[in-house]
Amino acid sequence: MPVIALPTGRSFDSCVEIIQGAGLPVGRLKDAGRNLVIDEGEYRFLMGKPSDIPTLVSQGVADLALVGSDVTEESDADLTELLDTGRGRCYMAVAGPEELARRFSGHASSLMGLRVGTKYQRTARRTFAAWGVQIRTLYLNGSVELAPALGLADCIFDIVQTGGTLRANGLAVIKRTAEVSLRLVAGFGALQLRWGSLRSVVEAVEDFVSSGGENGENAD
Amino acid sequence: MNITPRGCASIGGELARCMEECRNKTMGMFASYGYNPFNPAEFQLLEGVMKNLPRRRRERIISLNSPFGDPCCMRADITLSALSYMALHYAPEEFPLRLCYADRVFAVPRPPRENLEDTQVGVELLGWEGIGSDVEVLALLMKALDSLGLTESVIVLGDSSIVPRLFANLPGNIADQLVERLQNGEYSAYCRIVNGADGITEADREILSKLPKLKGPDEILDGAEEIVGSRTPLHSLREICSSLEHLGYRDRVRIDLGFIRDLGYYRGPIFNVYASGDGGFLGGGGRYEGLLSDVRFSCQAVGFGLSLRELALARRPEARPARVMIWSGNLSPSESLRYASGLAERGISFEISWNPDDLESRNFAVSRGCRWWVNLRDDYAVDVSTGGRTRPDSVGGAL
């Protein structure tokens, strides 16, 4: 039985839409309630917090998963990314007060030691390191936009959809760093051992996505 | 209270017992196939490791300075140790060499794993080219797994020479990007490059886009021949599969033609090993060549390494208590030990109770899960589950 992990939260509906578009049964999935394991026909769906999905897949508990690329990048888990679904689009960005933008347009040395509030600590360190900048990160798992106003951080590193929350807190996007979307991922072992039973699912999702899907959407 | 650093583990109990059993059975099997035990040094010189390991593995080594000032790392790769040993101790005319080992390797793990160390058991067949050595090593691997009762284990075969051949006509930078994407498991990025990059012919695009999907039972080699066969011969894999089939392992072999691991380190057939078709990763191996040129020999080698812990876990270790508890009361300790020696000679596990109180000793036998409690002072043995009595010297027969 192929096991597919799906993230709860804001991208869950997009995931169900993809699963449905690929022709897999979703009757019970749409009414999941608090169930974390749902068997639909010949498939088993596991619902987990987005940050847990890479673990479920890399540890072989799930064969496939839909998960945001922000989450896979941050997890650094051993995953195989099969497909960019193009759904749930948003982007990773450095955001902060307008005046901070001047420092970003200058020499990288002016950014050394920057205090960055984020829940994406690994990705933030990696991103700034690629610019030659060593930062201090402050882990915040919500209300990250408050950090600059409270003096906890100079800027934040987060995903941005519409930018509405940033504006409401007096922040602006300073640097857009990576595009984010829902990806279809698999564990390497699952692909090597069970490709025969996973292939049809992967290709059905691929067909649905490449056709634009009945309800194609773009969060931006 | 933490008694070991984060990422390290002291293993005891049934898992340790099961690991030891796996070590003994596999090393015994390797020895019977002519593989000589090899005990590698715990530290490796950093220079050799940095020069020979691929980048992805270099990033995960645990480096340190030895007390004598040598830049070192904790042993990151036993194959490199085996090669150094070979260079120092053998001449080319003594080839081929067969080594086996059961020892620790150290690396910074990928999340969510935290283990900094793992004990591997494996073999290296050095200095013999051709399919014979690949088949020998793979057959030995399967025999070793069988000896552990892992008769549903599966090997997934690839060939690391396929990708370089298929990419040979591509512009260098595109080929490098594609290799990087495949090695990192970024198939969607791989497909974007294949479909979008300039300098790739339509025929190549078609072949390259199908490559990551060429996985499955060995029948896929027929279809794969039509897709990639004109660019890269698949006869090595066919021959290996055919040999394994003749040895009765056909159902336990899968093919993955898009499988590349540490390109530049491995050349030729490579493989992963899983506990079952649904199961956990046990280890892997393959054929390598470039590593040996560093140690003044120009030849190939093939080997594998399996995680002893994963092997033990795949066997589902169960509690196996001592079968006999020996109590001698106020008799001389030598009475207990003489009786114990007799049990040991017959392969019967036991534990000696020095408790002066016979009732406490018998209860202890029950709590330990022993089948028999032997009272040497009064010369009888009790089946602790039924209460049935017999003579101490009959315990072996009753077991």
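Trainee: What share of the contacts in chain B with a separation of 6 or more comes from residues 24 or more positions apart?
Mentor: Those residues account for 67% of them. Two residues are in contact if their C-beta atoms, placed from the backbone, lie within 7 Å. Keep in mind that this is a predicted model, where local features need pLDDT of at least 70, side-chain atom pairs count only at pLDDT 80 or more, and totals for chains, interfaces and linings use all residues. Residues are numbered from 1 along each chain as its sequence is written, while chains are lettered from A and ligands numbered from 1 in the order in which they are written.

Trainee: Got it. How many residues of chain B count as buried, in percent?
Mentor: Of its 399 residues, 38% do. A residue is buried if 20 or more other C-beta atoms lie within 10 Å of its own, exposed if 12 or fewer, and partly exposed in between, with C-beta atoms placed from the backbone.

Trainee: And why does B:Ile227 count as partly exposed?
Mentor: Because B:Ile227 has 17 C-beta neighbours inside 10 Å. You'll find B:Ile227 in helix 10 (residues 220–228) of chain B. Helices (H or I, at least four residues) and strands (E, at least two) are DSSP runs, numbered from the N terminus.

Trainee: What does B:Ile227 touch?
Mentor: Leaving out residues up to four places away in sequence, B:Ile227 touches B:Ile207, B:Lys210 and B:Leu214. From C-alpha to C-alpha, B:Ile227 and B:Leu214 are 9.5 Å apart in space, and they sit 13 residues apart in sequence.

Trainee: Switching topic: how many helices and strands does chain B have?
Mentor: Chain B has 16 helices and 17 strands.

Trainee: At what angle do helix 1 and helix 5 of chain B pack?
Mentor: Helix 1 (residues 13–32) and helix 5 (residues 131–147) of chain B pack at about 140°, with their axes 9 Å apart. Axes are lines fitted to C-alpha atoms, for helices over the stretch in contact, and angles run from 0 to 180 degrees between N-to-C directions.

Trainee: Which residues make that contact?
Mentor: Helix 1 of chain B brings B:Lys25, B:Thr26, B:Met29 and B:Phe30, and helix 5 of chain B brings B:Leu140, B:Lys143, B:Ala144 and B:Ser147. By class, this contact of helix 1 with helix 5 has four nonpolar, two polar and two charged residues. Ala, Val, Leu, Ile, Met, Phe, Trp, Tyr, Cys and Pro count as nonpolar, Asp, Glu, Lys and Arg as charged, and the others, Gly among them, as polar.

Trainee: How many bridges join strand 3 to strand 4 of chain B?
Mentor: Three bridges join strand 3 to strand 4 (residues 71–74) of chain B. Two strands pair if DSSP finds at least two bridges between them. B:Ser63 stands opposite B:Cys73 in strand 4 of chain B.

Trainee: Last one: how many residues does each chain give to the contact between chain A and chain B?
Mentor: Chain B gives 19 residues and chain A gives 22 residues. On the side of chain B that touches chain A, there are seven nonpolar, six polar and six charged residues.
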